[in-house]
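Here is a short report on one structure. Look over the model first, then read on.

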Amino acid sequence: MNCLHNVVGQFWGQTRNGLVLGSIYAMIALGYTMVYGVLQLINFAHSEVFMVSTVVLLHVFSEWFGVTGPLGGAALPLVLLGGLAAAMLASGITAVTIERFAYRPLRKRGAPRLSFLISAIGASLTIQYLFSLMDGRHSLLFFTLPNLMGNTPRKVPTVMESQSLFSVFGARITNKNLLVVGVAILMLLLLDTFVQRTRLGRGIRAVAQDPETASMMGVNIDKVVVTTFFLGGLMAGAAGVLFVIQIGASAFWAIGFLPGIKAFAAAVLGGIGNIRGAMLGGLLLGMVEAHGAACAGSQWGTVFSFAVLVGVLMIRPSGILGERVRA
Amino acid sequence: MRSSRGLKVFAVLAAFTMLAAACSKKKAGGGGGGGNRIEVTVYGQGAWTGGANTLVLPSMQSAQLHFDELNKEEGYPATITFKQADTQGSGDQAPPVAQEAAQDPDTVAIMGPAFSGESRATGDTYNDAQIPFITASATAVDLAEFNWDYWYRAVGNDDAQGRLAADYVADVLKPKSLFILHDTTDYGKPLAETVEKGARAAGIKIAGKTGIAEPAINTGTTVNFSSIISQIQASGADTVFFGGYDVDSGPFLSQAAEAGLHINFMSGDGSVSSVFLEQAGGTGSEGARLVAPSNISADFVAKYAAAEGGDALSVPIYASEGYDVAGLIGEGIKQAIEDGAASAEEIRAGIKKHLDSLTSNQPYVGVAKDYAFDPDTHELVTSADELYYFYQVRNQALVNLGNATEVLG
Amino acid sequence: MTGERGPVSLRKRVRDARATLKRQAGAALRVPFRPLGKGRDAARGWLEPRRRWAFPLLAVAAIAVAAVLPLLNTWFELPDWARRATSGAALARVGLFALFALGLNVVVGFAGLLDLGYVAFWAIGSYTAALVSGAAEYSTLVRTTEGVVPRPEWEMWMWVIILVALAVAVIAGILLGSPTLRLRGDYLAIVTLGFGEIIRVTANNLESITLGPRGIASIPHPAIEVGPINIQWGTLLDNKYYWLLLFFVVVWIVAITLLDRSRIGRAWVAIREDEVAAAAMGVPVVRMKLTAFAIGACTAGVGGVIYAQQINSISPGTFTIIQSILILTMVVIGGMGSIPGALLGSVLIVLVPEIFRGFQEYRFFYFGIALIVIMIFRPQGLLPSKRRKAELKGAVVEEQLYDAGTAGA
């Protein structure tokens, strides 16, 4: 079979591709899964949290740091860290803002799940199109929108030059590959530690398990919710930076759409509400995409991922690592 | 409490904004002009904004240039207002835009549609409204098969482009094996497949073929080519032909360079733009070959650059052709009015009559070439291999290798 | 700062003040709408005892007014915005999306299943029409045959095509619905979204059947030739499409209302409120859910057929996720589970950008805000059904049982 021959022949290369791709999906998926764990809500607007980080990165690199070409030496880590910090912060703030305006009023009222989903879709549309209108020529309520994004993709200056470091069974591993996977693992460890060891993290776990009891035990639900959104936003922000650096992507208002859907599928695949599940789901989905491309060609794209998702859900509706079932 | 009141204020302000936006209708420019010049409107349909606009703006700017010249010309019997019908190149955004253009009572002709997909989506609208529409850049072959009476193509089509690209690959690049890559759009896929067919006929081994599921031309999002690059590496191909647009070919080359993939790269007219050069980067783009039915270093280009100044695009693809289409329309308007046309309908009919009257003996002489249209297909009668130009990227600039007759002999 | 029961903290005072102001503002906001409510109640009061003849008469009157809309343009001199809003093409778009909204309303509103891949059924309807009518064959024939190929004669009754498309859509609805049966609302959303994308990508890639990215063109316009009756539908701008769609909308409204009042409708309500309890009470949950999917699917299928025949050429790029979201927005804003709501939603979303030209670019931004605002302040939509209103408002008591001023001190 041609497919099998291709997959075997390209195995190590595509595995590397899948791990890199998957790390980015995993980080975005963390945001989806955490919010779901705490609020039982799919945050459709999370893809826009991802998008905001790419736009911020664009401006941080080109305007704050004035980067015009790849950097070397000490400047590179500094600029990277600066960009990462700014982008992550921006994403975190976006996530918290979405929670405050699109979800909290519904939560306070005890609205049914469907309302949250629809409000989420509304938030997603709003932010996407707000950014698409931000080209200095459109105005909203008599304020002219600043020229931050607009309708044309804007290339983010390349700060890092790709260097091949070593090979694994014939598959070249570059410094960018290591950066992406390394940052993803680091973020996951930090998040895991936070959730397991800190007080606020315990609060998150408590609310995820049983919000009524948690609130009775003195956990401030609002604070937990805001923290959850903020952390998810930070993760998505980091994912945005890595996405741009890995493939030299241009910032664009719709950039979050596809990675968002795939990451959400990854979260569901791994078992939504489960942090480790999100990581697993992300990596798995990345691998499915890469090896699927080797098998049948890339023109089928997302179809593979969705087929796998549907397949898994039919056999195990709660996802691979299961999910914390709430009454 | 604050939320309810804030909502009321917001609602009022929002309503005001919408009203203000709606009421600020832009009146048609028109411009007086001396004498009894008839006011006509021509719409330019294409990607004025959006990621694909570097492929369309040069032709539109040149058209505007020519219309301005005509408007200033003594004794020219009309004042032409050139309006934007911005579709961002998308066939799905096109129909309402085309409808508006078609329903404008002053419209006498359409320049465009610039892309093939939007041509398919809007051709019937213009044809049924009997408005002549001339494209300076839509190269898909099947556009001629719709039997649109009012459609004319002022450039060569993808059958020729694909054939010549295949010839170039076979005669000049002489690869060990060829990998066919396309962007699954209605422009890139047929072009790539035409090249594939030609290459096979020439005896070249096809190492593989794949398409991009969600190309940037559709989604605006840069594609991650890592899995495609791995496929190409595994196939052992030393040459890749890419059918698609600059927003995809550029990132492909830059990612390929980073992945250490060293191949000969060739693409079609969709990649001939500054976006391609910018996205591909220095290392990625070096040595890439391109083919297009347009000469970007023609004499006219100097005039275009001087006229546009800072707005001129550095890769003025289809600029000459855009200028010429404007000339065709302008000439048609003049002929129509001289023959007695006064209303928009009459002028449209007059333009069509003029276009149909061009023959290879009595063509319209433009800056790029001579124009005469085949009575059945409305394609260029005067199309020949010498109208296709090959380019190579050296030091992030496009070098004109010459036209097909010169290069392929 | 001492209240009746001792010192009151600042925080509590602020919270109480906010709550009171919110209540009062809410009551104040409702004041201008009171006459509307009173009018509606009065009208209902008058109509109820006379319902046997009043309701049908009203319905006929409403249909008559709707049918006459496109003709207003020829009878009166309408202002620009009204002309745009009542043009045949705009009204046909309203009719089309009204049909889609009605269908999605059954799935989302009645059965409570959040389907984000609704556009898939629209696509299936359109492609079925294109294939069954011979347009695909014609397109391929044109490419491979020399000379002019005559356009396909309309050999089949339009109704046959619609029936075939209905059948195919129903089957598709059942096929796409079955895997989702065991899934909860959130998972259902993403899986249906995935199906929508799968259909689109498949249409793009399965070139042998769907002609790939190029799409299928030359789809014949509808025609009815039965004995003495000979009605031909023309191009895009023909008013007759609107009347055809109006016909289907009316038929569908009647059918769905009957369904809603039947056992199936009650079963949907039970499933929507508490699926587990419904199953325990013997409601055939699986069958009811599939029925909802099937009905939604065939509605979109019929709409798709008419769309394909009107627009004349379809391509995979039309059937994107944003269309599903657009239809969902109509249903939500109008009122989930409410038939007049679905109609209102479609009218608003299609006509407002049509009327306010400047609104076009901002529309999705405002739709997004509208979704959020509606969910927060009026989740039952603009024209709600009483039942949905009670469900969605949740635990909040709407009516004030006594005057706020007399409570407490």
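## Two helices in chain A

Helix 3 of chain A and helix 9 of chain A are oblique to each other, because they pack at an angle of about 50°. This comes from a predicted model. Helix 3 covers residues 46-64 of chain A, and helix 9 covers residues 221-247. Their axes lie 8 Å apart. The crossing of helix 3 past helix 9 in chain A is right-handed.

Which residues of helix 3 of chain A meet helix 9 of chain A? They are A:His46, A:Val49, A:Phe50, A:Ser53, A:Thr54 and A:Leu57. Helix 9 of chain A answers with A:Gly232, A:Gly233, A:Ala236, A:Gly237, A:Ala239, A:Gly240, A:Val241 and A:Val244. By class, this contact between helix 3 and helix 9 of chain A has seven nonpolar and seven polar residues, and no charged ones.

## A sheet in chain B

Chain B holds an open sheet of seven strands. Their order is 7-6-8-9-10-13-14, and the pairing is mixed. Strand 7 (205-211) and strand 14 (397-403) of chain B are the edge strands, each pairing on one side only. From one strand to the next, the twist averages 20°.

One pair within the sheet is strand 10 (residues 289-292) and strand 13 (residues 389-394) of chain B. Those two strands run in the antiparallel sense and share four bridges. B:Arg289 has B:Gln392, in strand 13 of chain B, as its bridge partner. Helix 6 (residues 188-201) of chain B packs on the sheet. There, helix 6 touches strand 6 (177-182), strand 7 and strand 8 (239-243) of chain B. The direction of helix 6 makes about 165° with that of strand 6 of chain B.

## A covered helix in chain B

Is helix 8 (residues 226-235) of chain B mostly covered or mostly open? Helix 8 of chain B is mostly covered: ten of its ten residues are buried. Among them are B:Ile228, B:Ile229, B:Gln231 and B:Ile232. B:Gly236 follows helix 8 of chain B, and its phi is positive, near 80°.

## Where chain A meets chain C

On chain A, 38 residues are in contact with 34 residues of chain C. Four helices of chain A each supply at least two residues to this side: helix 4 (75-109), helix 5 (113-133), helix 10 (257-270) and helix 12 (302-315). Helix 5 of chain A gives the largest share, 14 residues. By class, the side of chain A that touches chain C has 27 nonpolar, nine polar and two charged residues.

Terms used. Residues numbered from 1 in each chain as written. Chains lettered and ligands numbered in written order. Predicted model: local features only at pLDDT ≥ 70, side-chain atom pairs only at ≥ 80, totals over all residues. Axes fitted to C-alpha atoms, helices over the stretch in contact; angles between N-to-C directions. Parallel < 35°, antiparallel > 145°, perpendicular 65-115°, else oblique. Left-handed = near helix turned anticlockwise from the far one by under 90°. Contact = placed C-beta atoms within 7 Å. Nonpolar A, V, L, I, M, F, W, Y, C, P; charged D, E, K, R; others polar. Pairing = 2+ DSSP bridges. Buried ≥ 20, exposed ≤ 12 C-beta atoms within 10 Å, placed from the backbone.
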